[in-house]
Amino acid sequence: SFKLLQYLAQELVKKPKIRVRIIANKIDLLPKDASMPRVKGWIAREAQLAGLDKIKIMDVFPISCHQGKGLKPVSDLLETKGIPEDHYVVGAANAGKSSFLNRLTLRKRRGVGRVLSEDQSGFVVSVLPGTTLRPIAMKFQQTNIKLIDMPGLLVPGSIAEKLTLEDLKEIIP
């Protein structure tokens with residue numbers, strides 16, 4: 001959401017050396033004829049308008065954790081020599097941050113013919129916001145790269161912000 005991008009931009013004002021890349025999950029929910037270059041351009045423009053001035057179209061990675069689409073470019077980026085070792089995954093509650101990290105870190109560990117859930121020892125995923133309660137780190141493959149799953153940020157004005165955990169369990173399928 002735009003408010004989340006503004007919040008991130010405000011938090012990073014005094015940290016000019018931090019490089020931001022946007023992983024846009026749930027592209028499987030877009031119309032089938034949606035143009036990914038146009039989607040990437042729109043996301044980059046929204047980030048710039050929110051105050052993330054350095055974001056370019058090449059910093060936007062549309063993905064679908066549900067379908068496993070778009071993960072290879074992110075994986076390739078993490079395998080690039082000379083990149084920082086720590087990568088924080090920040091976003092709104094229930095945006096799919098933990099699902100993204102599971103797909104990214106476990107996809108190369110699966111054996112031939114094995115289902116992801118058979119090998120799963122990754123991040124806990126739930127339909128309820130607030131499942132990730134504290135930062136959790138995991139190494140990326142056989143590298144020194146560390147991926148840190150952060151608790152989801154509640155977007156101001158969202159229903160998740162106003163309901164108790166018990167109420168959310170009742171209304172979320």
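What follows is a dialogue on strand order, pairing and helix packing.

A: This is a predicted model, in which local features need pLDDT of at least 70, side-chain atom pairs count only at pLDDT 80 or more, and totals for chains, interfaces and linings use all residues. Residues are numbered from 1 along each chain as its sequence is written, and side-chain values use heavy atoms, with hydrogens and water left out.

Q: What is the order of the strands in the open sheet?

A: Strands (E, at least two residues) and helices (H or I, at least four) are DSSP runs numbered from the N terminus; two strands pair if DSSP finds at least two bridges between them. Here three strands form an open sheet in the order β3-β5-β4, with mixed pairing. β3 (86-89) and β4 (136-139) are the edges; each has a single partner strand, so one side of each lacks a neighbour in the sheet.

Q: How many bridges join β3 to β5?

A: Four bridges join β3 to β5 (residues 146-149), and the two run parallel. Tyr88 stands opposite Ile148 in β5.

Q: How do α3 and α4 cross, and which residues make the contact?

A: Axes are lines fitted to C-alpha atoms, for helices over the stretch in contact, and angles run from 0 to 180 degrees between N-to-C directions. The axes of α3 (residues 71-78) and α4 come within 10 Å and cross at roughly 70°. The two helices are therefore roughly perpendicular (65 to 115 degrees). Contact means heavy atoms within 4.5 Å: Leu71, Val74, Ser75 and Leu78 of α3 meet Phe100, Arg103 and Leu104 of α4.

Q: Where does α4 lie relative to the strands?

A: Helix α4 (residues 97-106) lies across β3, β4 and β5, at about 155° to β5.

Methods
Angles under 35 degrees count as roughly parallel, over 145 as roughly antiparallel, 65 to 115 as roughly perpendicular and the rest as oblique.
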